[in-house]
Amino acid sequence: MIRTAIFCGSFDPVHTGHAILANHVAQSGLVDELWLMPSRVNPLKTSAPPVADSHRLEMCSLVAGKCSGVVASDFEQGLPVPSYTYRTLSCLKEAYPDRKFILLIGSDNWLCFSQWRDHDRIISEFGLLIYPRPGYEIDSVTLPPTVTLLEDVPQTLVSSTFIRNGLAAGRNMNFLLPSGVLDYIKKERLYE
C-alpha cells in the first residue's frame, strides 16, 4: 500500500507555510507521498474562496513541482459541494485501492474536529497526522491510537488572509509566497 497524506485546504493562495509543511511531511518517512488538494467549499466557512478552483490548483501544482513526493490533486474538485472530508477520503479509497490515505490537519483544526461531519469515521477508518500550530497546544497522550501528533515540524505564522490583504493593498509579498506562485498571481492579476 502506498501511504498517502491528504493535505486539504482553501490554498487561497498556497503560501510558503503550506509548502514548507508539505515538503517536510512528504520526506518524513511517515508517508510515501503527500497530495495538496484544494477544497471547493468548506462547510465550516461562510463563503467560497475568492479565486477559481483552477487558479488554486495551478498554484498548488507550482509548489508540488518543487517538492519531492508532493503532488497537486484536483480530486475534490470533481465531487459535490460542500466538501465533506469523509466523503472525499471514501471516494479516494474507492478510486485508489492501492493506497492508504491519512488526513493531515493543523492542531487548530483538531481542537474543533468534533464539528466535522463523520469525524469519528475519519479517525477510525483513515487516521490523522496533526501538525502543531502556535497557540493550539495538544496533549499527545489524549489522542486516539490512529492520530499522530507530528514532532519537530517547522512552523510559520503566515496566513492566506494576511497575504490576500497585503496583495490587495499593493504590498510586497516576497518571501511569503513561493516565487512561482507569486509570479502566477501577478500574471493572472489575482487578489488585486
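This is a predicted model: local features need pLDDT of at least 70, side-chain atom pairs count only at pLDDT 80 or more; totals for chains, interfaces and linings use all residues.

## The sheet and a helix on it

Strand β1, which spans residues 2-9, runs parallel to strand β2, residues 33-38, and the two are joined over six bridges; one of the residues involved is glycine 9, whose bridge partner in β2 is proline 38. This pair belongs to an open sheet of six strands with parallel pairing, ordered β3-β2-β1-β4-β5-β6. Because β3 (70-72) and β6 (147-149) stand at the edges and each has a single partner strand, one side of each is left without a neighbour in the sheet. From one strand to the next, the twist averages 25°.

Helix α2, formed by residues 53-64, packs on this sheet and touches β1, β2 and β3, its direction making about 160° with that of β3.

Valine 25, when its neighbours within four places in sequence are left aside, is in contact with Ala5, Val31, Leu34, Leu104, Leu129 and Leu150.

## Charged pairs

The model contains eight salt bridges. In one of them, aspartate 108 pairs with arginine 133, the closest N and O atoms being 2.8 Å apart. Since aspartate 108 lies in helix α4 (residues 107-110) and arginine 133 in the loop between β5 and β6, this pair ties together parts that are 25 residues apart in sequence. Arginine 133 is partly exposed, its relative accessible area being 28%.

Within helix α5 (residues 119-125), glutamate 125 and arginine 121 are four residues apart, a separation of about one helical turn, and their side chains meet in a salt bridge at 3.2 Å, N to O. Glutamate 125 is partly exposed, with a relative accessible area of 30%, and arginine 121 is also partly exposed, at 37%. Glutamate 192 and arginine 189 likewise form a salt bridge (3.2 Å, N to O), and both of these residues are exposed. Elsewhere, salt bridges that share partners join Arg40, Asp53 and Arg56 into one network.

Conventions:
Residues are numbered from 1 along each chain as its sequence is written. Side-chain values use heavy atoms; hydrogens and water are left out. Two strands pair if DSSP finds at least two bridges between them. Axes are lines fitted to C-alpha atoms, for helices over the stretch in contact, and angles run from 0 to 180 degrees between N-to-C directions. Contact means heavy atoms within 4.5 Å. A salt bridge is a side-chain nitrogen of Lys or Arg within 4 Å of a carboxyl oxygen of Asp or Glu. Buried means under 20% relative accessible area, exposed over 50%, partly exposed in between (1.4 Å probe, protein chains only).
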